[in-house]
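Hi everyone, thanks for coming. Let me put a structure on the screen, and then we can walk through it together.

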Amino acid sequence: MFTPLEILYIVLSFCALWLTAAIFWFLWQIARMLRNVNDALEEGREVMHKVEAALSGIQSKFEGVSS
């Protein structure tokens, strides 16, 4: 039926297939994690921009009142 060498090649091919699938899944998870970090940083930048705009508006109001 199959020689031991052919069985070894079949087993090694399945191992290579599963190893490739595991590496792909691992890289996919890393990419998703980095995308989530990037989204969180973008939201943080938007909040900081809004806070900066609010503080600038408050500062201009105080400057207008004091003059």
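Let's begin with tryptophan 18, which sits in helix 1, residues 4–66; helices here are DSSP runs of H or I with at least four residues, strands are runs of E with at least two, and both are numbered from the N terminus. Before going further: this is a predicted model, where local features need pLDDT of at least 70, side-chain atom pairs count only at pLDDT 80 or more, and totals for chains, interfaces and linings use all residues. Residues are numbered from 1 along each chain as its sequence is written, and side-chain values use heavy atoms, with hydrogens and water left out.

So, is tryptophan 18 buried or exposed? Tryptophan 18 counts as exposed because its relative accessibility is 62%; the cut-offs are under 20% for buried, over 50% for exposed and partly exposed in between, with a 1.4 Å probe and protein chains only. Tryptophan 25 is in helix 1 too, and at 54% this residue also counts as exposed.

Trp18 belongs to a nonpolar surface patch of about 960 Å², together with Met1, Phe2, Ile7, Ile10, Val11, Phe14 and Leu17. Patch members have over 30% relative accessible area and no salt bridge; nonpolar side chains (Val, Leu, Ile, Met, Phe, Trp, Tyr) are joined within 5 Å, and like charges within 9 Å.

Now the whole chain. Buried residues make up 0% of the 67.

Finally, a pairing. The structure holds one salt bridge, meaning a side-chain nitrogen of Lys or Arg within 4 Å of a carboxyl oxygen of Asp or Glu. Its partners are arginine 45 and glutamate 42, at 3.4 Å, N to O. These two are separated by about one helical turn because they are three residues apart in helix 1. Glutamate 42 is partly exposed, at 38%.

How values were computed: Areas by Shrake-Rupley, 256 points an atom, 1.4 Å probe, with all protein chains shown as cover.
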